[in-house]
Amino acid sequence: MLKDVLVSLDNNGIKSNEPRVQGFDYLIEDTKVYSFYSIKLEKNKDDFRDWFYARVNHEFFEDADQLLDFINTVAEPWYEFYLENKSLVDKTKSLKSDAKRWFKKNKDQQLKNFDRFFEAVKRMFEEAYNVHDIVFYDVEAIKKNKSFSDDRGSCYINGRPDYYDVISQMNAHYVMVYRNGKPITRLWCVISTDKNSIVFFNEYGYHFKELYKLFSSEDEYDTVSDYTLECVLGIHINKGHWIITKNASPEDFVYEVECPTCGSLTHSDNLEWRDDRLECDQCDDNTVYSEFYDEYINEDQAVFSETHNSYIYKDAAVFSDRYNDYIHENYAVYSDYYDDYLYEPDAVKVYNIDKDGYDYVLQEDVVYSSYYDENLINDQAVFSWYYDTYLLENGNDTAYSKWLRCYVDMNDNTLVEINGDYIPEDEVDEYFIMIKGQYYRRKDLLFTHKLVTSVKPMKNVRLAEKSWA
Ligand SMILES: [Zn+2]
């Protein structure tokens with residue numbers, strides 16, 4: 001069987017969401033499946049008795065003796081029969097007929113509630129020989145296996161992703177074990193470089209007493225210690241004796257890999273965990289990995305950029321005082337307003353009056369003017385309630401209207417300039433009058449008129465006090 005598993009894995013995989021695997025909706029999505037089989041695991045005959053006693057629903061039995069009697073006379077003999085014949089029906093009787101006879105005698109002559117009782121018994125038999133689905137996925141499946149929460153704590157994805165980097169360079173698989181469609185355990189497997197052997201390790205989740213039964217017959221496998229495996233594979237192996245093809249040489253599991261720390265080609269048995277990294281013997285401190293370029297670059301020529309969260313080449317970097325950080329030149333724009341570089345995705349294009357052209361500033365310094373349909377720099381703008389938007393404070397066309405008590409556009413043809421002030425056209429007729437080409441304010445004229453026509457007290461006429469009031 002172990003040989004068959006190896007043979008079945010020798011393919012390019014199929015997408016886990018392809019139509020032919022639809023219906024298996026518990027499969028991990030967006031990855032590849034390389035092999036998939038089901039296996040029946042039977043409860044050991046000697047364990048069945050205690051297991052049945054502990055797990056069956058006790059409400060169907062009046063006391064412990066009655067339950068033991070049922071196990072002795074019905075359940076256990078039938079389980080033995082099942083293991084030999086793979087059937088719960090014999091020539092003249094069946095599990096059901098025996099259970100019925102026992103029920104009639106011990107519980108209820110009328111067979112009241114027998115159906116419920118037998119269902120509970122049958123469920124126990126079904127559980128005693130569980131069907132397990134074994135699915136061999138692409139290594140990346142560990143990152144997509146959202147429904148198996150046990151795995152979320154794996155150091156391969158959390159604390160020590162270098163292990164993932166290495167195992168993903170091997171001929172390896174992420175193996176999930178499902179029981180009745182529910183994920184219960186995962187393992188890793190690695191195939192030897194000559195493709196003749198395979199090793200299974202790092203069982204996580206439900207613990208199988210006889211793990212080999214999932215993959216191998218009894219005479220096909222050996223066990224291998226976590227220490228030996230860790231030495232050849234270079235990755236973390238959980239404590240234990242793991243399953244390996246019989247007579248396989250651990251040396252056949254040494255892979256040529258790219259060192260996750262320095263990127264040089266090395267062998268997996270050269271890798272060692274040091275200073276929070278998996279390092280090879282050629283690792284020196286002179287190379288750093290750059291996420292930005294996705295390659296290793298010389299540390300002397302590199303600067304770290306928080307903005308890109310990566311090392312980048314110093315030559316290609318500009319320094320921004322505002323960010324106190326390096327930005328790759330292709331992602332930087334120069335702002336005249338700040339006299340500094342900005343990270344392009346953060347920058348907003350604005351009209352800058354000082355340069356009479358476009359510039360870049362950060363969003364926090366931008367106001368939008370619907371009057372000009374332009375972004376302006378906050379400091380250079382003034383709010384005009386007349387337009388209900390911003391104008392350039394020092395714009396060539398901007399003027400202050402004392403009449404309106406706000407800034408206006410002096411070229412706005414809804415405004416009339418009168419004695420250096422700007423009045424809305426529709427208010428001009430109401431408040432002003434034109435005399436000989438000159439506007440006068442009506443109020444002022446009225447006042448003058450009043451003064452002229454006022455009756456002044458005549459000489460020597462004494463008027464009563466307060467008559468001017
Ligand atoms: Zn290295």
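For my notes, helices (H or I, at least four residues) and strands (E, at least two) are DSSP runs, numbered from the N terminus.

I'm working on a predicted model, where local features need pLDDT of at least 70, side-chain atom pairs count only at pLDDT 80 or more, and totals for chains, interfaces and linings use all residues. Residues are numbered from 1 along each chain as its sequence is written, and side-chain values use heavy atoms, with hydrogens and water left out.

Pockets next. By pocket I mean an open set of points on a 1 Å grid over the protein atoms alone, where a 1.4 Å probe fits, with protein on both sides within 12 Å along at least five of seven lines; lining residues have an atom within 4 Å of a point.

I started with the second largest pocket, and its volume came out at about 330 Å³ (the space filled by probe spheres set on the points, which are joined across faces, edges and corners). I found 15 lining residues, with D165, P260, R277, Y289 and E291 nearest the centre. At least two residues each come from α7 (161–167), β14 (295–298) and β16 (310–313), and α7 gives the most, with three.

Then I looked up the largest pocket, at about 520 Å³. Its lining has 19 residues, and L41, E42, K43, R179 and Y206 lie nearest its centre. Two or more residues each come from β2 (32–42), α2 (45–55), α5 (114–128) and β3 (129–137); α2 has the largest share, three residues.
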